[in-house]
Amino acid sequence: MNVTAALPAAQLPLVLLGLPVLVFGLVKLLVVPLAVWFELRSAHRRRREVPTLFDAWPRVSIIVPAFNEAAAIENCVRSIQRTRYDRYELILVDDGSTDCTATIMSALAARDPRIKVLAQANAGKAAALNFGIRNAAGEVLMFIDADVILSRHTVEMMLRGFDDERTGAVCGDGRPVKVKGVQGRVLAFTGHIGGGLVRRALAILGCIPTDVGAIGAFPRSVLEHVGLFRQDTVGEDLELAWRVHKAGYRVVFAPRAVVLAESPLTVGGLWRRRVRSYRGLLQTMALHKDLIGNLRYGPFGTQLVFHAITMVVLPAVQILLLLGVAVLLAAGYRPPAGVDWVVLAWLGLLVSLVLPVCALGANRAWKDLRHVWALPLMPLYSLFMSLAGIAALVQEIRERVLRRNNPVRTGSGTAGAQRPRAQLGA
């Protein structure tokens with residue numbers, strides 16, 4: 001068989017694989033005008049002084065679960081104590097730590113009557129959150145990771161996100177603290193794109209399908225309606241967000257409610273976090289498969305089809321596409337003449353710059369343009385994410401028991417870090 005003669009026919013499967021990648025990639029560019037719409041609508045509401053839950057000055061229970069967070073918990077608590085919103089109780093839940101987390105918590109509580117410390121045998125984040133909820137007295141329940149730093153206005157901005165009775169949850173914007181290394185710079189850009197553009201766009205459409213992230217808030221009445229965190233999934237916050245949608249509430253994004261958090265410091269740490277995140281998504285999709293594509297749930301149900309394709313199907317398609325191109329090139333295939341590949345390359349580079357630059361603008365984070373040299377590495381990060389998605393899918397199929405992959409905290413990121421408000425210049 002003449003291999004060279006067979007090459008043109010071999011292009012057809014690659015074209016079929018490449019088309020959905022191209023189409024869904026172009027659709028993603030719609031997040032830019034939608035994010036602009038979000039900002040215009042938010043500015044209009046601020047001018048009209050639309051009433052929010054903040055005006056009711058509710059009591060807030062801030063719940064912080066922690067497992068071996070000795071290096072980070074004190075910085076987190078100190079930032080909460082500096083918040084301008086003072087009608088809160090702070091509930092620290094030690095999830096069976098083997099380091100001195102519990103000792104640090106007790107010392108902090110001894111000096112501040114607003115702090116309550118709970119302890120349980122290690123049972124996972126969801127169990128710790130539920131333990132905190134059962135011991136909370138607030139009308140609003142706010143959940144915060146132990147490795148984050150709040151600004152003085154974060155709690156206030158979260159409450160301002162509740163601008164009507166249909167709002168069942170508000171998620172804030174997590175950003176990396178003390179960006180270091182090549183990996184940290186790439187993650188800074190992806191964070192701005194996710195928080196700066198994608199969540200704004202999905203908020204406009206009323207279909208944020210993501211988890212509440214490093215900080216999320218729910219009215220107590222909503223959790224009484226939909227139930228507590230499920231403890232049989234590693235995507236407990238994502239699953240709860242979908243359940244809130246299912247009950248007919250909105251999930252709202254509050255981009256000005258900023259928290260700073262440590263990014264994974266190693267490739268291994270990033271891999272474990274991404275695989276865990278993908279597994280949480282897959283488990284949530286299995287638990288709520290009736291939501292996907294169900295018009296009864298409006299834009300949220302419809303958007304989940306797009307979400308499922310981009311998060312589950314396309315990673316495998318991208319890998320197959322890359323392998324196919326590599327095989328063709330190895331077999332002697334040469335791109336057809338008459339195509340100006342230089343022009344296409346520049347066009348691709350231009351498009352790849354649009355999203356990060358717009359995201360920085362939305363987040364008013366122009367100083368992060370100094371990391372622009374890391375942008376050419378974004379395709380490698382995309383490949384990394386695709387492989388993580390496939391690994392998660394394989395693990396779910398094999399029903400492997402996922403160990404609790406708690407990231408290693410160094411505290412070097414949050415210690416003495418500039419608080420988010422100052423970073424935003426607010």
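**Figure 1. Lining of the second largest pocket.** The lining residues of the second largest pocket divide into 22 nonpolar, nine polar and 15 charged; Ala, Val, Leu, Ile, Met, Phe, Trp, Tyr, Cys and Pro count as nonpolar, Asp, Glu, Lys and Arg as charged, and the others, Gly among them, as polar. The model is predicted: local features need pLDDT of at least 70, side-chain atom pairs count only at pLDDT 80 or more, and totals for chains, interfaces and linings use all residues. Residues are numbered from 1 along each chain as its sequence is written, and side-chain values use heavy atoms, with hydrogens and water left out. The volume of this pocket is about 1,000 Å³. Phe38, Ser42, Arg160, Gly161 and Phe253 are the closest to its centre among the 46 lining residues. Strand E8 gives the most to this lining, nine residues. On a 1 Å grid over the protein atoms alone, a pocket is an open set of points with protein on both sides within 12 Å along at least five of seven lines, a cavity is a set where a 1.4 Å probe fits but cannot get out, and lining residues have an atom within 4 Å of a point. Grid points are joined across faces, edges and corners, and a volume is the space filled by probe spheres set on the points.

**Figure 2. The second largest cavity.** Tyr278, Leu282, Met311, Val312, Gly389 and Leu393 line the second largest cavity.

**Figure 3. Crossing of helices H9 and H10.** The axes of H9 (236-246) and H10 (267-287) come within 8 Å and cross at roughly 35°. Axes are lines fitted to C-alpha atoms, for helices over the stretch in contact, and angles run from 0 to 180 degrees between N-to-C directions. Leu238, Glu239 and Trp242 in H9 meet Gly280, Leu281, Thr284, Met285 and Leu287 in H10, contact being heavy atoms within 4.5 Å.

**Figure 4. The open sheet.** Eight strands with mixed pairing follow the order E3-E2-E1-E4-E7-E6-E8-E5; two strands pair if DSSP finds at least two bridges between them. E3 (115-120) and E5 (148-150) stand at the edges with a single partner strand each, so one side of each lacks a neighbour in the sheet. E2 (88-95) and E3 pair in the parallel sense over six bridges.

Terms used: Helices (H or I, at least four residues) and strands (E, at least two) are DSSP runs, numbered from the N terminus.
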